[in-house]
Amino acid sequence: AADPAAEQKLLLQSETITEAHLCSDWSHLLPSSAIVTPPWRHQAILSFPNVESLPDRVRLYALAAAHTASGNLSTLRQDWWHLTPDRHREGLEAVLQTVGLSGFFRLHNALRSLHEQGVCKDAVRLHKEDNIEAQVPLFATKGENVLKSIYGPTMEFSTLRKVIHGMHPDFWNWIVEFAFGQVAAREVLPLAERELSVLPVLIGMSTFPTLQTHMYGALNCGATLEQIRGILDQTDVVWGLAPQTMVDGYWSEFAEEFERVQKPSD
């Protein structure tokens, strides 16, 4: 059990927003020894139905992504506070990938808040992250490979390209080269964990057809039905009871369809 006095001290510390100066040389990043992580589990996670195969860190990635999208920065800081410094890089990646979902401005606010909270210096690999120019010619190929991994056998890639390109040719290029080639293809997070982290963001945006696509995408990338259900159970903490009720009904239809598709024909 946690020491009540220590718990109160850490809670007060987590709610104090410092006026951190973001230095161009990244000297504001902290050594892992300077970052205090509470010894108890995140209170919200304690309230979720237990899924043995879904570790707290993946739940925290999904919570951080959702709170970035919702703009709830105080709760985002609580999520971040519970991530150990050795997981800051992956947690930062879950937040960064929301840029193609909830946009640059929500991401800007979230990143500033996280730096004020304290980001481990090992979370940002400057020698790799700054070298974008050399990677530009590879973005389209990388993006196509990620899309093929996500869509798998549920939709032919050529059909997807035809549909999106028919909406607007630039839209297809942005999806392939930026959203998937530059962002989702980054190797910091496994694709299965990326897909799980995306789900609560899509729920908050009420994009249910896209949610279904990425639920199948998570399965195609190696996640399990139990893990997906576990992430969906986090909906009410971020978006409220009404969206959770909608998601519960949506899940029932999804699970039934999945079982029907997987059942061998006679």
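Does valine 163 count as buried, exposed or partly exposed, and at what relative accessibility? In this predicted model, local features require pLDDT of at least 70 and side-chain atom pairs are counted only at pLDDT 80 or more, whereas totals for chains, interfaces and linings use all residues. Residues are numbered from 1 along each chain as its sequence is written, and side-chain values use heavy atoms, with hydrogens and water left out.

Valine 163 has a relative accessibility of 45% and therefore counts as partly exposed, where buried denotes under 20% relative accessible area, exposed over 50%, and partly exposed the range in between (1.4 Å probe, protein chains only). This valine is placed in helix H9, helices being DSSP runs (H or I) of at least four residues, numbered from the N terminus. Together with Met167, Phe171 and Trp174, Val163 makes a nonpolar surface patch of about 450 Å², to which helix H9 (157-167) and helix H10 (169-184) are the elements that give two or more residues. Such patches consist of residues with over 30% relative accessible area and no salt bridge, nonpolar side chains (Val, Leu, Ile, Met, Phe, Trp, Tyr) being joined within 5 Å and like charges within 9 Å; the areas come from the Shrake-Rupley method with a 1.4 Å probe, and for residues only the protein chains shown count as cover.

The buried residues of H9 are Phe157, Leu160 and Ile164. These residues cover an arc of only 60 degrees around the axis, which puts them on the same side of H9, the arc being that of the directions from the helix axis to the C-beta atoms. The face of H9 turned away from this buried side carries the exposed residues Lys162 and Gly166, while the cover over the buried residues includes helix H8 (139-151) and H10.

Aromatic contacts were also examined. A search of the whole structure finds 7 aromatic pairs, rings of Phe, Tyr and Trp (its six-membered ring) being paired if their centres lie within 6.5 Å, and planes under 30 degrees apart counting as stacked, over 60 as edge-to-face and the rest as tilted. The rings of tryptophan 40 and tryptophan 81 have centres 5.9 Å apart and planes at 80 degrees, so this pair is edge-to-face. The pair links distant parts of the chain, 41 residues apart, with tryptophan 40 in the loop between helix H1 (4-14) and helix H2 (43-47) and tryptophan 81 in helix H4 (residues 73-81). Tryptophan 40 counts as buried at 15% relative accessibility, and tryptophan 81 is buried with a relative accessible area of 5%. Elsewhere, Tyr216, Trp251, Phe254 and Phe258 form one aromatic cluster.

The salt bridges, each a side-chain nitrogen of Lys or Arg within 4 Å of a carboxyl oxygen of Asp or Glu, come to a count of 9. In one of them, arginine 194 pairs with glutamate 93, the closest N and O atoms being 2.6 Å apart. Because arginine 194 lies in helix H11 (residues 191-204) and glutamate 93 in helix H5 (residues 88-96), the pair ties together parts that are 101 residues apart in sequence. Arginine 194 counts as buried at 1% relative accessibility, glutamate 93 is buried with a relative accessible area of 2%, and Glu93, Arg186 and Arg194 are linked in a network of salt bridges.

Arginine 229 forms a salt bridge with aspartate 248, with the closest N and O atoms 2.7 Å apart. This pair links distant parts of the chain, arginine 229 in helix H13 (residues 225-232) and aspartate 248 in helix H15 (residues 241-262), 19 residues apart. The side chains of arginine 229 and aspartate 233 also meet in a salt bridge (2.6 Å, N to O). Aspartate 233 is buried, with a relative accessible area of 15%, whereas aspartate 248 is partly exposed, at 30%.

Conventions: Contact = heavy atoms within 4.5 Å.
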